Amino acid sequence: MKLMLNCKDVHEHASDYLDKRLSRRKRLAIWLHVMMCSHCRIFMKQLHLTIASVRSIHQQQDDDTKQLADALHQRFLEIHKNKH
């Protein structure tokens with residue numbers, strides 16, 4: 001794995017990075033890129049806020065809303081992965 005990633009690499013692994021489902025080496029490579037790239041930094045902040053919002057809705061609502069929040073989160077992940 002290369003240590004210097006490009007924006008596409010970061011976008012492909014952003015959700016896994018935020019969910020801590022990557023190796024230390026991959027996490028470090030993403031972190032380094034995000035520290036240098038303002039566009040990816042903004043993207044990661046937006047993605048983090050989106051995930052946090054969905055999780056917040058999920059925790060506060062009834063079963064139907066929780067199912068909707070789960071479905072939205074899964075669809076978001078699918079769309080994001082299909083773009084790359």
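**View 1. The largest nonpolar core of the predicted model has 14 residues.** A nonpolar core is a set of buried Ala, Val, Leu, Ile, Met, Phe, Trp, Tyr and Cys residues joined through side-chain atoms within 4.5 Å. V10, I30, V34 and M44 have the most contacts inside this core. At least two of its residues come from each of α1 (7-18), α2 (24-36) and α3 (38-60). The most is given by α3, with five residues. The model is predicted, with local features requiring pLDDT of at least 70 and side-chain atom pairs pLDDT 80 or more, while totals for chains, interfaces and linings use all residues. Residues are numbered from 1 along each chain as its sequence is written, and side-chain values use heavy atoms, leaving out hydrogens and water.

**View 2. Surroundings of V10.** Leaving aside residues up to four places away in sequence, V10 touches L5, I30, H33, V34, C40 and M44; contact means heavy atoms within 4.5 Å.

**View 3. K66 lies in helix α4 (residues 63-82).** K66 counts as partly exposed because its relative accessibility is 26%; buried means under 20% relative accessible area, exposed over 50%, and partly exposed in between (1.4 Å probe, protein chains only). The C-alpha atoms of K66 and V54 are 9.0 Å apart, with the two residues twelve apart along the chain.

**View 4. The protein has four helices and zero strands.** Helices (H or I, at least four residues) and strands (E, at least two) are DSSP runs, numbered from the N terminus. The order from the N terminus is α-α-α-α. Of the 84 residues, 30% are buried.
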